[in-house]
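Please open the model in a viewer and keep the sequence panel beside it. The stops below are meant to be taken in order.

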Amino acid sequence: MLIVGASVGVIVVAVLVIVFSIKAVVGGGGGDGITDPVAAMDTPDPFSDAVECPSTTEGSTTTGRDPGDLTSGPNVIKAFNYAYFHWRSGPAARAMASSNVEGIGSAVDLQSSIDTLNPQARYCLSIDETGADTYRVEVTLILPDGTRDPDPDVQNITTTQIGERTYIASVTRNKK
């Protein structure tokens, strides 16, 4: 009985030595070269807003693709584009504009345009204040693989204050 127990012990030790030797040669648990899974989780998602299109304001330039709001020109421009590209809603986008807006069209027109977009496409905004309530806006489409359209849509947008809220008053596209 003692011999059988010792033999099993030797076999277990030999198997453990082989397993640990293989793990050392292969490079860890999954063979992918990553030895610290916590460090791997700290790698930023390359398609996240923070990496792909960070929200920043430097001088007269605002960038990003966050939801925005009706508190300022850059924020209502962000809100319009968030409704258009993220929610994919013509009525929600149209709600960011004044009732007599020029250059946008109806909610139905907006929805028709939205429906032609690649559903996995993303976007990034660069909003430059060019004067009182006027902005030059570059809308860059980002394809599902992360490549950016080299020809961004450039718009001139005017906003207006109605009560406590800011709305889009006009949009014209720059000629290419």
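A residue counts as buried when its relative accessible area is under 20%. By that cut-off, buried residues make up 31% of the 176 residues in this protein. Keep in mind throughout that the model is predicted.

**The whole chain**

Show the protein as a cartoon and colour it by secondary structure. Followed from the N terminus, the order of elements is α-α-α-β-β-α-α-β-α-β-β-β-β. Switch to a surface next: the protein exposes about 10700 Å², and 61% of that is supplied by carbon and sulfur atoms. Where contacts join residues at least 6 apart in sequence, 44% of them link residues at least 24 apart.

**The disulfide**

How many disulfides does a search of the whole structure find? The search finds one. Select cysteine 53 and cysteine 124 to see the bond, with the two sulfur atoms 2.1 Å apart. Cysteine 53 sits in the loop between helix H3 (49–52) and strand S1 (56–58), while cysteine 124 belongs to strand S4 (residues 122–131), so the bond ties together parts that are 71 residues apart in sequence. Look along the S-S bond: its torsion is about 80°, so this disulfide is right-handed.

Are the two cysteines buried or exposed? Cysteine 53 is buried, at 0% relative accessible area. Cysteine 124 has 12% relative accessibility and therefore also counts as buried, as the limit is 20%.

**Strand S4 and its partners**

One place to look is threonine 62, whose bridge partner in S4 is isoleucine 127.

S4 and S5 run antiparallel and are joined by nine bridges. Select arginine 122 and, in S5, find isoleucine 142 standing opposite. Then move to the turn of the hairpin that S4 and S5 form, where two residues lie between the strands. Aspartate 133 is in this turn and has a positive phi of about 60°.

**Proline 74 in helix H4**

Select proline 74, which is found in helix H4. Its relative accessibility is 16%, so proline 74 counts as buried. Which residues does proline 74 touch, leaving out those up to four places away in sequence? They are Thr62, Ile127 and Tyr135. Thr62 and Ile127 are the bridge partners from the previous stop. For a distance across the fold, draw a line from the C-alpha of proline 74 to that of leucine 125: the two are 9.8 Å apart in space and 51 residues apart in sequence.

**The largest pocket**

The last stop is the largest pocket, with a volume of about 320 Å³. It is lined by 20 residues, and those closest to its centre are Tyr84, Phe85, Asp153, Gln155 and Arg173. Select these five to find the place.

Which elements give two or more residues to the lining? They are helix H4 (73–87), helix H6 (107–114), S5, strand S6 (153–162) and strand S7 (165–173). H4 provides the largest share of the lining, four residues.

Terms used
Residues numbered from 1 in each chain as written. Predicted model: local features only at pLDDT ≥ 70, side-chain atom pairs only at ≥ 80, totals over all residues. Heavy atoms only, no water. Buried < 20%, exposed > 50% of the residue type's maximum accessible area, 1.4 Å probe, protein only. Contact = heavy atoms within 4.5 Å. Areas by Shrake-Rupley, 256 points an atom, 1.4 Å probe, with all protein chains shown as cover. Disulfide = S-S within 2.5 Å. Pairing = 2+ DSSP bridges. 1 Å grid on protein atoms, 1.4 Å probe; cavity = no way out; pocket = protein on both sides within 12 Å on 5 of 7 lines; lining within 4 Å. Points joined across faces, edges and corners; volume = space filled by probe spheres on them.
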